[in-house]
Amino acid sequence: VFANISQAPEDPILGVTVAYNKDSSPHKLNLGVGAYRTEEGKPLVLDVVRRAEKLLVSDISLKKEYLPITGLADFNKSSAKLILGSDSPAIQENRVATVQCLSGTGSLRVGAEFLKKHYNQHTIYIPSPTWGNHPKIFMMAGLSVKTYRYYDPATRGLDFEGLQQDLSAATSGSIVLLHACAHNPTGVDPTLDQWEHIRKLMRSKGLLPFFDSAYQGFASGSLDADAQSVRMFVADGGECLAAQSYAKNMGLYGERIGALSIVLTSADVARKVESQLKLVIRPMYSSPPIHGASIVATILNDREMYHDWTVELKAMADRIISMRKQLYDAMCAKGTPGDWSHIIKQIGMFTFTGLNPEQVAFMTSEYHVYMTSDGRISMAGLSSSKVTHLSDAMHAAVTR
Ligand code: LMR
């Protein structure tokens, strides 16, 4: 019955790794997926994660029981504190419904399914461009996806005028997806002043903010600074959704661990929302996995481990910043035509190089450099020993 099924294309991001794995060149370099690598080009398991895991396995009460539908309570509590701030009035007033989900994607999907069922507006505005999975997540949940202007290729910075015009023209009540920090793929974030304008504009039109926070700690190296955008919206007392991922900031990619928090106007509403989230989750995957949540809860609830985590996180963020500087210096030294200062101005895991799909294809076929066709490179996948190879490839692509 499936004889006529067609071959589906590879995912635009994860498919880059599939192609990379098939390449036998010793010089190959994978700058596609946003996954942190050490200076030696190896995946990194944080020391604090290893310690938490040791503690977990040495605990004779280690459980493999089902978690509740909403996940591990300690994990949910500390995740809400991490994103909203431990002194958040919304938390103190029990106005937050938090559920453990399958990393950022799962949190966005559960939030989207909830909005489709219980919110009167079904249009979501996402930035242009945005992470390739965003439109699919929201469409599959039955929301109608529109875009707002975000990135200006001419300045390689924020199109703040365009953004304001598009949000002003959005139907009142629409949902708006915002990247909490380290915008993927552009690495371009609004300033705090611009965030304040966005907040005022959105609140005046009753637009509902849905934050995707996949890089807390990666943009600036500070967990608090990288949550400022979300906290500004929560401080005004209005509603807000936030999807959190621990893939990058704890290196727990394959554990699929994240959380969805919905900030509401009263404890009573929060209780009811949580009860409805359970009805969304149960038929989807019943209840979430226990291991990743236990690791995160162990780290977030132990003062010393939390501190050690922030040190390791800062080291990862600093290494990425140093890669930016080294690549920028290499491009300047070569005299590659064009202004490459966006490499050091953009923040977070990615540089949106401005290279076009033909140039990207050339870099892959001639230099074995793998990246997404939109010209995004993962700075977290680069190491000092590969900077020359990458800058050679970029120079050749631009000047050929
Ligand atoms: C990325 O953008 O590379 C990451 O968020 C990984 C993914 O799942 O796409």
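**Strands, crossovers and backbone geometry in the predicted model**

Serine 103 is found in helix H5. Helices (H or I, at least four residues) and strands (E, at least two) are DSSP runs, numbered from the N terminus. The structure is a predicted model: local features need pLDDT of at least 70, side-chain atom pairs count only at pLDDT 80 or more, and totals for chains, interfaces and linings use all residues. Residues are numbered from 1 along each chain as its sequence is written.

Serine 103 is not a glycine, yet its phi is positive, at about 55°. A residue is called buried if 20 or more other C-beta atoms lie within 10 Å of its own, exposed if 12 or fewer, and partly exposed in between; C-beta atoms are placed from the backbone. Serine 103 counts as buried because it has 23 C-beta neighbours inside 10 Å. Helix H5 itself covers residues 103-118, 16 residues in total. From its first C-alpha to its last, H5 reaches 22 Å, close to the expected 22 Å at 1.5 Å a residue. The expected span is 1.5 Å times one less than the number of residues in the helix. Most of H5 is covered, with 13 of its 16 residues buried.

A positive phi also occurs at asparagine 94, again a residue other than glycine, with a value near 55°. Asparagine 94 sits in the loop between helix H4 (89-92) and strand S2 (96-101). It has 13 C-beta neighbours inside 10 Å and therefore counts as partly exposed.

Strand S7 (residues 175-179) is largely enclosed by the rest of the structure, because five of its five residues are buried. Both of its faces are covered. Ile175, Leu177 and His179 are buried on one side, and Val176 and Leu178 are buried on the other.

S7 pairs with strand S3 (residues 123-128) in the parallel sense, over two bridges. Two strands pair if DSSP finds at least two bridges between them. Isoleucine 124 has isoleucine 175 of S7 as its bridge partner. Tyrosine 125 stands opposite valine 176, also in S7. S7, helix H8 (residues 192-204) and S8 make a right-handed β-α-β unit. A crossover is right-handed if, with the strands pointing away from the viewer, the path from the first strand over the helix to the second runs clockwise.

S3 also pairs with strand S4 (residues 144-149), in the parallel sense and over six bridges. In this pairing, proline 127 stands opposite tyrosine 148 of S4. A right-handed β-α-β unit is formed by S3, H6 and S4.

Two residues of S3 were examined individually. Threonine 123 belongs to this strand. It is partly exposed, because 15 other C-beta atoms lie within 10 Å. Contact requires C-beta atoms, placed from the backbone, to lie within 7 Å. Neighbours within four places in sequence aside, threonine 123 is in contact with Leu143, Ser144, Lys146, Thr171, Ser174 and Ile175. Its C-alpha atom is separated by 7.0 Å from that of lysine 146, 23 residues apart along the chain.

Serine 128 is likewise found in S3. It counts as partly exposed because 15 C-beta neighbours lie inside 10 Å. Leaving out residues up to four places away in sequence, serine 128 touches Thr147, Tyr148, Arg149 and Tyr150. Serine 128 and methionine 140 are 12 residues apart in sequence and 19 Å apart, C-alpha to C-alpha.

Serine 128 is joined to proline 129 by a cis peptide bond, with omega about 0°. Proline 129 is in the loop between S3 and helix H6 (133-140). Asparagine 184 and proline 185 are also joined by a cis peptide bond, with omega about 15°. Proline 185 lies in the loop between S7 and H8.

Asparagine 184 is one of the residues around the ligand. A residue is near a molecule if its C-beta atom, placed from the backbone, lies within 6 Å of it. The shell divides into three nonpolar, three polar and no charged residues. Ala, Val, Leu, Ile, Met, Phe, Trp, Tyr, Cys and Pro count as nonpolar, Asp, Glu, Lys and Arg as charged, and the others, Gly among them, as polar.
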